Every structure is written in structure tokens, then in C-alpha cells.
Amino acid sequence: MTTKHVLELAVCTVPDKEIAIAARGKAMQVVSRYPGFVSWRAVTACETADMLADLVEWETLEAAREAGKRVMTDPDFAPYMAAIGSVQLMQHFLTERQI
């Protein structure tokens, strides 16, 4: 079964993994209240110690884009932004197939 929901994949490196993970937990709580939010899967890389990824599901691409603008100025999201060293990938996807 596929949905029309949009998946947002953000992959980043962080200088201090523990600080980033703690800040990400708070950011997840903040974003969960944004319009159009569906879910957030927070993952860490197995082979690259300083890499994190976030897979966030949104009802629509517009909701994802609006959230992207909002996190840039949301003071509650700022600690997570500050914990990120660099963004390797930030892209939106639609699910074509799923088993």
C-alpha cells in the first residue's frame, strides 16, 4: 500500500553526537505539533559515527515546505540546528512502491 504522503529525508553530520541526539529529541516534540506532520523516524549511521538522518513524513509537500521555513526561525528548534555540523542531503520523496 502506498500513500500520497511526502517523505522528507535529511542526512547530516554532527560535531557532538550526544548533544545532537538530545537536541533532536526536543525538536521532534516541537515539529510533531506542526500542521501536516505525520511521523518522524530518527536514525544514526552504523558505519559513520558523526552521521544522523531524519525521515519525516508529511501529509503534503506544501506542509513539508512550510515546516522547513518554520524550523529556520523557531526558537524551540534552534538547539538542533546549532548541533548540526553540515547537511549532506535534504530532499522530499514520494513512495512509489512498498512491500
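Predicted model: local features only at pLDDT ≥ 70, side-chain atom pairs only at ≥ 80, totals over all residues.
Is W58 buried or exposed? I looked it up: W58 has 2% relative accessibility, so it counts as buried, the cut-off being under 20%.

Next I checked F77 and Y80, which also make an edge-to-face pair, at 5.8 Å centre to centre and with 75° between the planes. I have both F77 and Y80 down as buried.

**A charge over a ring.** I then turned to Y34 and found R70 over its face, 3.9 Å from the ring centre.

**The sheet.** Which order do the strands take? I read it as β2-β3-β1-β4, an open sheet of 4 strands with antiparallel pairing. The edges are β2 (37-44) and β4 (86-94), each of which pairs on one side only. On average, I get 15° between neighbouring strands, ignoring direction.

I followed β1 (residues 6-13) along β4 and noted 8 bridges in the antiparallel sense. In that stretch I looked at V11, which sits opposite L89 of β4.

**The helices.** I placed α1 (residues 17-31) across β2 and β3 (51-58), with its direction at about 170° to β2. Helix α2 (residues 61-71) also packs on the sheet; I see it touching β1, β3 and β4, at about 130° to the direction of β3.

Key: Residues numbered from 1 in each chain as written. Heavy atoms only, no water. Pairing = 2+ DSSP bridges. Helix = DSSP H or I, 4+ residues; strand = E, 2+ residues; numbered from the N terminus. Axes fitted to C-alpha atoms, helices over the stretch in contact; angles between N-to-C directions. Contact = heavy atoms within 4.5 Å. Buried < 20%, exposed > 50% of the residue type's maximum accessible area, 1.4 Å probe, protein only. Phe/Tyr/Trp six-rings, centres within 6.5 Å; stacked < 30°, edge-to-face > 60°. Lys NZ or Arg CZ within 6 Å of the ring centre and 35° of its normal.
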